[in-house]
Amino acid sequence: MKEKLIQLNEQQFFIRLVPIVMLLLMAIGFNIATDGKFGDIRNLRLIVTQAVIIATVATGAVFIFGTGNVSIALGATTAVTAAIIAKIYLMTESVVIMVVAAIVVATLIMILTAILSTVLKVSVIFVSIVMMVMFLAILQTILGAGTITLPYAMTSALTNANFHYIAFVVYFILCAIIFHFTGVGRSIRFIGSNKICAKQSGIFLDKYLMIAFAIAGVGVGLAAIMTSIRTGTIGVGTASSLNMDVVLAIVLGGMSVFGGTRSYIYAGALGALTVTLLNNGLLMVGISPTILQLVRGIFFLTLIFAGQKRPDRLPDNEI
Amino acid sequence: MKKKVAILLAVMMLVFSLAGCGSSEETENEGANGTESNDTVSNNEEASDGEENTDKPQENITIAVAWNSMDATTQTRMTYLEDHLGPAIGVDFIFSEEISDTAQLMTFLENSYAAGADGLLSLVTDGTEQLVSKADELGVYTAVVSSTLYEEVAEIPTYMGITGIDLTKVADAYGELLDAQFDSSEPGNFILVSGGSAMGVASHREATISMLNTLQEKYDLTYDMDVMDLATQNATTEINTGNEEVKMTIVPGFPNMDGYVSGVSGLLQTGEYDAIISVYPTAETFSTAIDEVEKALEKNIKMLCQANFGENTKQAFNTLDSTGNPTLDGAVINSGSSSDAYGVVLLYNGIKGHSDAIKPEGKAIIMAPGPLVAASAEDYQKLEQLDTSDDMYVYTADEIKKLLKTYNEDVDYEYLMNIANEFSTDNILERRGLK
């Protein structure tokens, strides 16, 4: 019996199925606990809307995670980009320029992180720590003593035009194609599985790290626009919790924290939905805010324990 | 083994979840004094107040509260709302966790709406324009504990108003406190904690300006910058006072910022400063740093700050430091529970369809409690019972009921303004029978 369970746990379809089953079980549980209020179509739409920003960044971050690296500057990059594009919009009053600027600025910032990592030969995580601190200082400088407020007419117009849904769907499809159906995706997963082997097979590690960061940068740029139109205000606290949510989303989505072949493009979106659904459900059930963190932590630990499979050996990535 | 751990955690999770649900039901029943369900406010209660008289019991309304911090004061305020006010007037509350950015605030608004909230009282002031507009789209009434009205959205029908501290009285309160504490014949060195003054927090800005003006007048100082510019410094800055005997350093920001407390501690350790004057509650924040310096240098460092009623402030005034002086020497008291109660009043009247009565021009209103001054520990002794028990809240549930048009037909804009204008130490002491 135990052997059969182990065998089942080894199978790809089972690994892919676990996060989805967990998401459904949670949804059913919350629906029962709230007498059907949770399953109301308006609430489900709210959950999807709230999940989109995390899902967009997480989808791009799958490329970085896929190489076996972790960046913790995604939230700070989103915040800096949001502040810059808010300033640009207030100067130009052009949505098109704002969108283009967001993608360009975020992509350049992300590429800069990758360049620093490859040139200095320092692990991505350490470079991203430095970048995060630096971006927060830049954000403080841009904002000065206050916040930047965007006109509600513009933010609501973009919201009503479903900018966030359209941007996410287009970006997700592009990422899915690149990650699962092109040599770029295969190379990234190969690097995550075994960096040394990939290198000896003729794969240029630095090049693919750069590509991974550039693709993630597009996602960060789109998320910066979504954040700006959702909140209408950019302050020092903007996107402060985004990075943790993204990392959590990727793990809860069933992707291995070690990258490699157990990397799926949908992991970010699925995990984002799980995180958002959990927050929404716990509030609707009426959990006291004083113990909410504890309950959420237990939920997350359970999901990670049940869904993650540690590799049989230590990863070969250098630190 | 992994699966066993997962199952164990799942069981723990379930237990905690159910515990959470259980506590809210318990609260509801307690509120009903064990005699009737608290899901409704009975018609008898209304009739006893001699006002609106319908045969059907009224359904509870739900108000979500977005907290900007989660400390002991917040816990006191939550207890007041959930256990005292809510059961008596038929309001259920949904409380947020600590909210630190606008995206979290918007998410809380949406989730509260999905959970059935009719109104939102926000203590988070960033992004108010967006919040109010979004809430209006969802049909959720809003009130904000802020001292700024946000004119751009003031005419949105579901935006009821603001209940932060009365700005016009903040400067006088700090002036009175500083006058009582410092003598012009004894110059000193001061750390002025300006909090969010540089970030646009109006009450902090007014308080800082008042400190600068009062000290300037008292010690005949000459600043090399405009007082407004000094008050809105966004980095720790030593001010040129033009008086060698008076040193002054402005410290903006909040304790949750990296290196903030250690920065103030470093200033204190120079041994040059005689007092910290703060625009927000800092008695606990800096108590250890002050105590260390007082012990090392055997000198008293005065702590004057903003405070709320409750056990923490009582303890701070009653605890003596190593020099035999109170840990908190004086305070400007902002009654947080009063701001919350006013917020509930605005939201309740709006949700029950009485917006027109309390918003005469269709515009959001300002219903602001004024700051109170406790210039010494002796002063605070008269007030220390407040907000520590059901009978001693600054506003009891019975008093709040009289501000709701559902229970009192006389309620209108002028009626509410009169109540807010009467807010004073004497008024509170008289109402609580402490005079």
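Predicted model: local features only at pLDDT ≥ 70, side-chain atom pairs only at ≥ 80, totals over all residues.

Tutor: Helices (H or I, at least four residues) and strands (E, at least two) are DSSP runs, numbered from the N terminus. Residues are numbered from 1 along each chain as its sequence is written, while chains are lettered from A and ligands numbered from 1 in the order in which they are written.

Student: What is the phi of B:Asp220?
Tutor: B:Asp220 has a positive phi of about 55°, although it is not a glycine.

Student: Is B:Asp220 buried, exposed or partly exposed?
Tutor: Count the other C-beta atoms, placed from the backbone, within 10 Å of the residue's own: 20 or more means buried, 12 or fewer exposed, and anything in between partly exposed. B:Asp220 has 13, so it is partly exposed.

Student: And where does A:Ala239 lie?
Tutor: A:Ala239 lies in the loop between strand S2 (233–234) and helix H12 (242–252) of chain A. Its phi is positive too, near 60°, and A:Ala239 is not a glycine. This residue is buried because 29 C-beta neighbours sit inside 10 Å.

Student: Why does B:Asp183 count as exposed?
Tutor: B:Asp183 counts as exposed because it has 10 C-beta neighbours inside 10 Å. You'll find B:Asp183 in the loop between helix H6 (167–181) and strand S8 (189–195) of chain B.

Student: What about chain B as a whole?
Tutor: Chain B has 17 helices and 15 strands, and 49% of its 435 residues are buried. For contacts, the test is that two residues have their C-beta atoms, placed from the backbone, within 7 Å. Of the contacts in chain B with a separation of 6 or more, 68% are between residues 24 or more positions apart.

Student: How is chain B divided into domains?
Tutor: Domain bounds come from an automatic or database domain assignment. Here they give domain 1 (56–165 + 336–370 + 394–431) and domain 2 (167–333) of chain B. Taken over C-alpha atoms, the centres of these two domains are 31 Å apart. Their contact takes 10 residues from domain 1 of chain B and 10 residues from domain 2 of chain B. On the domain 1 side, helix H3 (residues 72–89) of chain B gives the largest share, 3 residues.

Student: How do I read two packed helices?
Tutor: Two packed helices are described by the angle between their axes and the distance between the axes. The axes are lines fitted to C-alpha atoms, for helices over the stretch in contact, and angles run from 0 to 180 degrees between N-to-C directions. In chain A, the axes of helix H3 (residues 41–66) and helix H11 (residues 205–231) come within 8 Å and cross at roughly 170°. Angles under 35 degrees count as roughly parallel, over 145 as roughly antiparallel, 65 to 115 as roughly perpendicular and the rest as oblique. H3(A) and H11(A) are therefore roughly antiparallel to each other.

Student: Which residues does A:Val127 contact, leaving aside neighbours within four places in sequence?
Tutor: Those are A:Thr113, A:Leu116, A:Ser117 and A:Val122. A:Val127 lies in helix H6 (residues 124–143) of chain A, and it is buried, with 22 other C-beta atoms within 10 Å.
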